[in-house]
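Subject: Structure handover

Hello,

Here is the structure for you to look through. My notes on what was found follow below.

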Amino acid sequence: MNIEVLEREHGADVVKHLSQALHMPAMSAAEMDAAQAAFDLVPYAEATRRGCVALRGDEGDIYIVLGNPFDLDTQDWLEERLAVPFRYRLALRQEVADYLARQETEMRALQGATAELQTGGAVKDAAQDLSFETISETDSPVVRLVASTLYDAIKAGASDVHLETNATGLTIKYRIDGVLTPAETVPGTEVADQVISRIKVMSELDIAERRVPQDGRFKARREGREIDFRVSVMPSVFGEDAVLRILDRRALSDQLKGLTLDALGFDAEIIGRMRQLSAEPYGMLLVTGPTGSGKTTSLYATITEVNKGLDKIITIEDPVEYQLPGVLQIPVNEQKGLTFARGLRSILRHDPDRIMVGEIRDPETAEIAVQSALTGHLVYTTVHANNAFDVLGRFMHMGVDPYNLVSALNAVLAQRLVRVFCPACKSKGCAQCRASGFRGRKAIGELLVLNDELRELIIARAPARKLKEVARAAGTLPLREAAMRLVTNGETSLEEINRVTFVA
């Protein structure tokens, strides 16, 4: 049945008769405008391609408005993708298309007006200003797909966008709360190549080079604020994959305003001991964990609490993720020769009281950080390790003298981020949590505070088992037990803590 021909010849009567025959209530254009677009459930690009739109009613109900009720492929796709309850509604194909066009026009007008206000009435040239409003001005479907993907990812609170090329096309995934979530699948290998090429153009990378990894960055603008994207392009057997790290500094600033250790979710015992440690006059407070485990946020919270304006606090970071008021923050720039080690040396000549080193990556930085802690400075820093005890081996592997290390080191906090149940649906899955059952994360930690007995054992290179026994007797709670407390309290699931901690 050619629904397009019927609509063109008979108009609204077709919708009325189809609604009765298919037992699918109709929705008028006015009713669609009164509802809220749910592009977090069905992205704009998919809605345009499939001729449908997801809407939220006043009570939070989800409606999927179909322009063609006989498109069973689209209905199968919707029912497989959406885990939240929804109801079908029927509308003229042209009314669905007009609704989507209005949504895009309103978005473009709002963003354009904001950009005009910020630039004093003149919007920058599109070749120089990579913003959403300039991207959306083209009719290119590839450019629209990239723009809508970025928009959806930011709205969903994703930290990364993964563009994966496969044998049949492109798979798009978002990392939300530390977990990869499928967003959409775009058929066609040519489209996949064009999307990756578009990302390369935006990042000023070599579009002709497809055999070696490339790294770049670009900026986009949403609701008047600039958002940074760090891009990694990697060759694969099917072409190339890209990962875009989203650095939304203003959103992070809003999130971290008034940040304290209490807001992170740690046990009360860890919070109390961290506050004592951050008030020490010198030494090293080290936070460890994998990428994305919240190490920098924990240090920001610690520094925010002690930042009373009485100490000179200097940080060196890669990148500076959040601006701390009253703190001198230095971004690493390796292309210009400003490494962690070189920057740390310069910081020591700037009369600091407290120093934050974003990450210890090499022996030189490790040695300077330890010496700084030994010479009257309190050093906050991070290092990649699986637990608090592995940190000791990392430093020794980098050639740091064990005696100097234990003399400088006050404590090590190993941490992870655990997803917690969505407060709206209590783990069942709803629109607010994108049907995952989880929304937001809490930090769990394993705090190893060094005492004389532990220092002697470390210098004597005692086995890890002995170190753990002594640490446990001194009050160190293993990560696994900290995670189990969240399960016991009904805040998360056993499967979730198995994802982030080892099963004992």
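Strand E15 (residues 378–383) has 6 of its 6 residues buried, so it is largely enclosed by the rest of the structure. Buried here means under 20% relative accessible area, with exposed over 50% and partly exposed in between (1.4 Å probe, protein chains only). Helices (H or I, at least four residues) and strands (E, at least two) are DSSP runs, numbered from the N terminus.

This is a predicted model, in which local features need pLDDT of at least 70 and side-chain atom pairs count only at pLDDT 80 or more, while totals for chains, interfaces and linings use all residues. Residues are numbered from 1 along each chain as its sequence is written, and side-chain values use heavy atoms, with hydrogens and water left out.

Back to the strand. In a regular strand the side chains alternate between the two faces of the sheet. In E15, Leu378, Tyr380 and Thr382 lie on one side and Val379, Thr381 and Val383 on the other, and all are buried.

E15 runs parallel to strand E11 (residues 283–288), joined to it by 6 bridges; two strands pair if DSSP finds at least two bridges between them. Met284 stands opposite Val379 of E15. Strand E14 (residues 354–357) is also parallel to E15, with 4 bridges, and Met356 has Tyr380 as its bridge partner. From E14 the chain crosses through helix H14 (residues 363–374) to E15 in a right-handed β-α-β crossover (clockwise from the first strand over the helix to the second, with the strands pointing away from the viewer).

The structure holds 3 cavities of 30 Å³ or more. On a 1 Å grid over the protein atoms alone, a cavity is a set of points where a 1.4 Å probe fits but cannot get out, and a pocket is an open set with protein on both sides within 12 Å along at least five of seven lines; lining residues have an atom within 4 Å of a point. Grid points are joined across faces, edges and corners, and a volume is the space filled by probe spheres set on the points.

The second largest cavity has a volume of about 50 Å³. Its lining includes Leu145, Thr149 and Leu244. Helix H8 (141–155) and helix H9 (189–202) each give two or more residues to this lining, and H8 gives the most, with 4.

The second largest pocket holds about 490 Å³ of space. Of its 18 lining residues, Glu446, Lys468, Pro478, Leu479 and Arg480 are the closest to the centre.

Regards
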